[in-house]
Amino acid sequence: MRAFKAVGGRPIFIKRAKGCKMYDENSREYTDYCMSWGALILGHAHPVVVKAIKEQAEKGTSFGTCSKNEIEFGNLIRQAFPSVERMRLMNSGTEAVMTALRLARAFTNRDYIIKFDGCYHGHADNLLVRAGSGLSTLGISSSKGVLRVVAEKTISLPYNNLKAVEKVCKKMGRQVACIIIEPVAANMGVVLPKEGFLAGLRKLAQQYGILLIFDEVITGFRLCFGGAQNIFGIKPDLTILGKIIGGGLPIGLVGGRWEIMEQLAPMGEVYQAGTLSGNPLTTAAGIATLKYLAANKSIYSKLRMKTEFLLKSLREIFADKDILVQINYIGPVFSLFFAKKPIVDYASAKAQDSKVFAKFFQVMLKHGIYFSPSGFEANFLSQAHSYADLRTTINSAKTF
Ligand SMILES: *Cc1c(COP(=O)(O)O)cnc(C)c1O
């Protein structure tokens, strides 16, 4: 994913970053709109986070025991996500998703999983079926090396198509353990859920005894102090978090209803463990980030305004040049699709002109503006992006 396969050329090598700027090995400066794939909302090397990491590192980076940081961290998560009654910390989103699926299968005693085309949930075998992110960039529908018997238990349906889910449920709803979804898809580029889609899934899940899992690894603490579930008012049974909650260090979290989480070892019979899970360093970075966000919730409306300022100008520039573009965004997460028709699912996302995107990416890169290096990835603003930075980006886009 660091390679520039989708956009051509050689990937950049960064040696240092601060705020919204990154500096490569030749000390060239870039304004960053990838922000570590959305993991950094406060910007690179935010002083509050750096301080927390330094202070904790002095005291030890892993104890292999319980630590108070975990409690403080957990309380911050619960404050933001009322649906998360209990939780388990891990070291990546992928891991958390694996555990969520295992839990769902154990709790329901069913095998099948419903996911959506173009949604990415990390690289667990179960979910490498018509997945987004790197798989879209590389143009592969499923990974080699995944057992057919595993992939067969995964049903992938078109995003935003409630009818398709209804049909599967009618046929075999009582065999489905869970429906897992990015409540706002951000790994085929940004695709918003249509009105009623998430509520419809919630209803179907209820009806057939299926668990609804929201993968909020990108949306968690990105759109508000909480997640898409708070914004759309839908309560999932399980939630996956990652990226922002680690403050730039590796993390994953699965949490949700008490009686489901209780199935996890050592209380229950679903095994999960991790040598470095919940380590004091990651939790320190996470606590610093979440506390900062809790104390500065206006950050979210400011981010939205900045994003709208940027996108409005970009839209005008493309219109002037007669370049067809579909801009999808929510809060500070956005995608530019060079396409004729609105992007509502994976099929429409794949209809984008990747060559135009690659050209745009290269022109911007030449001006020191770093967008996520694929038309199937989202872009992110951080608190550190100033209006001056945005204006520079806009002026650079005028040369496209
Ligand atoms: C990034 C991502 C993951 C995987 O997280 P990793 O920490 O990279 O394993 C899972 N789900 C979504 C929605 C993601 O964006």
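**Labels and their grounds**

Mentor: Start with a pair: Tyr 23 stands opposite Glu 29 in S3. Keep in mind that this is a predicted model.

Trainee: How do you know that strand S2 and strand S3 pair?

Mentor: Pairing takes at least two bridges. S2 (residues 21-24) and S3 (residues 29-32) are joined by 3 bridges and run antiparallel. Therefore they count as paired.

Trainee: What makes S1 and S13 edge strands?

Mentor: Strand S1 (14-18) and strand S13 (369-370) each pair on one side only. The open sheet has 4 strands in the order S1-S2-S3-S13, and its pairing is mixed.

Trainee: Which strands are the edges of the sheet with 7 strands?

Mentor: The order is S4-S10-S9-S8-S7-S5-S6, an open sheet with mixed pairing. Its edges are strand S4 (86-90) and strand S6 (154-157), each pairing on one side only. On average, neighbouring strands are turned by 20° against each other, direction ignored.

Trainee: How many bridges join S5 to S7?

Mentor: There are 3, and the two strands run parallel. At least two are needed, so S5 and S7 pair. Ile 113 stands opposite Cys 178 in S7.

Trainee: How do you know that Cys 169 is in no disulfide?

Mentor: The limit is 2.5 Å between sulfurs. The nearest cysteine sulfur, that of Cys 178, is 12 Å away, so Cys 169 has no such partner. The structure holds 0 disulfides.

Trainee: Why are Cys 169 and Cys 224 called buried?

Mentor: Buried means under 20% relative accessible area. Cys 169 has 1%, so it is buried. Cys 224 has 17%, so it is buried.

Trainee: Why is H7 called roughly parallel to H8?

Mentor: The cut-off is under 35 degrees. Helix H7 (residues 162-172) and helix H8 (residues 197-208) pack at an angle of about 5°, with their axes 10 Å apart. That angle makes H7 roughly parallel to H8. The contacts include Cys 169 in H7, and Leu 204 in H8.

Trainee: How do you know that the buried residues of H15 line one face?

Mentor: In helix H15 (residues 387-397), the buried residues include Asp 389, Leu 390 and Ile 394. Seen down the axis of H15, the buried residues fall within an arc of 160°, so they line one face of the helix. They pack against S2, S3, helix H12 (299-320), helix H14 (354-366) and S13.

Trainee: What makes their backbone worth a note?

Mentor: Most residues other than glycine have a negative phi. Asn 109 has a positive phi near 60°, in the loop between helix H4 (93-108) and strand S5 (112-116). Lys 243 has a positive phi of about 45°, in the loop between strand S9 (238-242) and strand S10 (252-256).

Trainee: Where is the cis peptide bond?

Mentor: Ala 265 and Pro 266 are joined by it, with omega about 10°. Pro 266 is in the loop between helix H10 (258-261) and helix H11 (280-295). Most peptide bonds are trans.

Notes: Residues are numbered from 1 along each chain as its sequence is written. This is a predicted model: local features need pLDDT of at least 70, side-chain atom pairs count only at pLDDT 80 or more; totals for chains, interfaces and linings use all residues. Side-chain values use heavy atoms; hydrogens and water are left out. Buried means under 20% relative accessible area, exposed over 50%, partly exposed in between (1.4 Å probe, protein chains only). The arc is that of the directions from the helix axis to the C-beta atoms. Contact means heavy atoms within 4.5 Å. Axes are lines fitted to C-alpha atoms, for helices over the stretch in contact, and angles run from 0 to 180 degrees between N-to-C directions. Angles under 35 degrees count as roughly parallel, over 145 as roughly antiparallel, 65 to 115 as roughly perpendicular and the rest as oblique.
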